[in-house]
Amino acid sequence: MTFFPSSVFTACFIASLAVSRTGAKKIPSTLDGPFVPVTVPYDVSLRGNAVDLPGTDPRVRRRVQGFQPEQISVSLSYTYDSVWISWITGEYQIGDIKPLDPKTVASVVRYGLSRFPLSHVATGYSMVYNQLYPFEGLQNYTSGIIHHVRLTGLKPNTRYYYRCGDPSIPAMSNIYHFQTMPVSGPRSYPHRIAVVGDLGLTYNTTDTISHLMKNDPDLVLLVGDVTYANLYLTNGTGSDCYSCSFPDTPIHETYQPRWDYWGRFMESLVSKVPIMVIEGNHEIEEQAGKQAFVAYSSRFTFPSKESGSSSTHYYSFNAGGIHFVMLGAYIAYSKSAEQYKWLERDLAKVDRSVTPWLVAVWHPPWYSTYKAHYREVECMRVEMEELLYSYSVDIVFNGHVHAYERSNRVYNYSLDPCGPVYFTVGDGGNREKMAIEHADEPGRCPEPSTTPDTYMGGFCALNFTSGPAAGKFCWDWQPEYSAFRESSFGHGILEVKNETWALWTWYRNQDSQSEVGDQIYIVRQPGICPVHKALPASWFAYR
């Protein structure tokens, strides 16, 4: 009798499952690549321009009284045994403001393994934030009281029930529940992870979230651009293009109540399913004193401290056998910057025998072939790509470009079997128009000097020096590193099957729930793409 390694049987088993839901079409894997580039023609019947939900929509109106909790959400800490519960009490103010006193309302979570009794109690901290503008006629904003409570000592892969609020008022929420992540290990993974970007709060957004919830995810990754509150003036007047409609404002204004609308709409999902967020350009929201990202950093919780980061802009966490690295494109990322040094330390600590999968997430894509934002963050790629490649990052998720795109495995613009697969999922449904033009189409290649993001600064996007596009800024046809692209709203689901196989499915909003827009197995090959071994803790004591 001939014996085969268990990995062979696993591969055969997975291959036998590689059939679409119709039972007829084999699902490809990255082992079948690199793939001939495919562009799905744009369907003009789709709602390319989305319409925001108004503040009068019942789904975004305040439904609680007094200091009862609202906008309740769950997010992960660094490991399975801890989560954060967040909520808001009291009403925001806009115009003539008098900030609420956070000390007047306690931050308490009662939780347990059954609805009754909720035998454990945890307390946390509270805060308010202001969005202030030093210009006459602009309306200032102050939030309700934002509460964050960390629960610790939790069991893996376990459902917990909880209520949050202040029992002394009394003002406690209804009972909700969440599921902790599995313990980290090579055969331990969340069932489904939803990935979405550039959501906003439009009627297309509602379709995206409705479809996403039907897929019953265990975790949601939001890859930046949350509410698009900065498409509005402080008086609530909005536009699909801020700079087009309001070119003369003394500062880029925002209408902060859109954050509260968004929190209310999303509560039905994120009060039960943990959400992990990284900042996008629409979270910059500059205000008086040159402050930025204040709403983003105040409303969400991040396992920054737990993962050794000093910033809400970059952090990491584990979800079963997956290590996620969340990076900030709108904060310093050069090799001398603290973010880069943190990334070096974080990657060096990853034990791929415990968390075989390494996934990186940030907002603007390095490998997008759309005209919109084409090569916009080339400086970030130049600084960080080699480091991520050297640690064999498996998958990268980005947003920013309002369309969908999947890459072949790529490194430094060349096909490489050890490079990550890049997914652009900036198609969540936001108010800005959909990206439909490609940089490789005749007359669509942007002028290089117009490509850098002014907030980030720097210019690194030079003409290609080798390959089919040598001497040019854009390819003359869909680049070989681009495997599939389509301009449609939707979301993605990642299902990691074991330490080497993961299924990615992209769902388009226009399809029924049984149809998919793109689907592929991502296969790790540690045999041909060696990974770094985790360094001992003593190595970090001197750094």
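V496 stands opposite A502, a residue of strand β27. The two strands involved, β26 (residues 490-496) and β27 (residues 501-508), pair in the antiparallel sense over 7 bridges, where pairing needs at least two bridges found by DSSP. They make a hairpin with 4 residues between them. Keep in mind that this is a predicted model: local features need pLDDT of at least 70, side-chain atom pairs count only at pLDDT 80 or more, and totals for chains, interfaces and linings use all residues. Residues are numbered from 1 along each chain as its sequence is written, and side-chain values use heavy atoms, leaving out hydrogens and water.

**The sheet around β26**

- Zooming out, 6 strands form an open sheet with mixed pairing, in the order β16-β15-β14-β26-β27-β28.
- The edges are β16 (275-277) and β28 (518-523), each pairing on one side only.
- From one strand to the next, the twist averages 20°.
- For the labels, helices (H or I, at least four residues) and strands (E, at least two) are DSSP runs, numbered from the N terminus.
- As a reminder, strands of a sheet pair through backbone hydrogen bonds, either parallel or antiparallel.

**What covers β26**

- β26 is mostly covered, with 7 of its 7 residues buried; buried means under 20% relative accessible area, exposed over 50%, and partly exposed in between (1.4 Å probe, protein chains only).
- G490, G492, L494 and V496 point one way from β26, while H491, I493 and E495 point the other way.
- Helix α2 (residues 203-214) lies across β14 (193-196), β15 (219-222), β26 and β27, and runs at about 20° to β26.
- For such angles, axes are lines fitted to C-alpha atoms (for helices, over the stretch in contact), and values run from 0 to 180 degrees between N-to-C directions.

**Disulfides**

- There are 4 disulfides, counted as pairs of cysteine sulfur atoms within 2.5 Å.
- With bonded cysteines counted along the chain, the pattern is 1-2, 3-6, 4-8, 5-7.
- C241 and C244 are joined with their sulfur atoms 2.1 Å apart, and the S-S torsion is about 60°, so this disulfide is right-handed.
- C241 is partly exposed at 26% relative accessible area, whereas C244 is exposed at 57%.
- C379 and C460 are also bonded, sulfur to sulfur 2.1 Å, and a torsion of about 95° makes this disulfide right-handed.
- C379 sits in helix α7 and C460 in the loop between β24 (421-425) and β25 (482-486), so the pair ties together parts 81 residues apart in sequence.
- C379 counts as buried at 12% relative accessibility, and C460 as partly exposed at 28%.
- C418 is joined to C529, again with S to S 2.1 Å, and here the torsion is about -85°, so the disulfide is left-handed.
- This pair links distant parts of the chain: C418 is in the loop between β23 (414-415) and β24, and C529 is in the loop between β28 and α8 (537-540), 111 residues apart.
- Both C418 and C529 are buried.

- Most residues other than glycine have a negative phi, and most peptide bonds are trans.
- The bond from F116 to P117 is cis, with omega near -5°; P117 is in the loop between β5 (108-112) and β6 (120-123).
- I169 and P170 are likewise joined by a cis peptide bond, omega about -10°, and P170 is in the loop between β11 (159-166) and β12 (171-172).
- H373, not a glycine, has a positive phi of about 65° and is found in the loop between β19 (357-361) and α7 (378-390).
- R375 is in the loop between β19 and α7, and its phi is near 50°, a positive value in a residue other than glycine.
- H373 is partly exposed at 28% relative accessible area, while R375 counts as buried at 6%.

**The whole protein**

- The secondary structure comes to 8 helices and 28 strands.
- Buried residues make up 57% of the 543 residues.
- The C-alpha atoms fill a box of roughly 70 × 60 × 55 Å, taken along the principal axes.

Key: Contact = heavy atoms within 4.5 Å.
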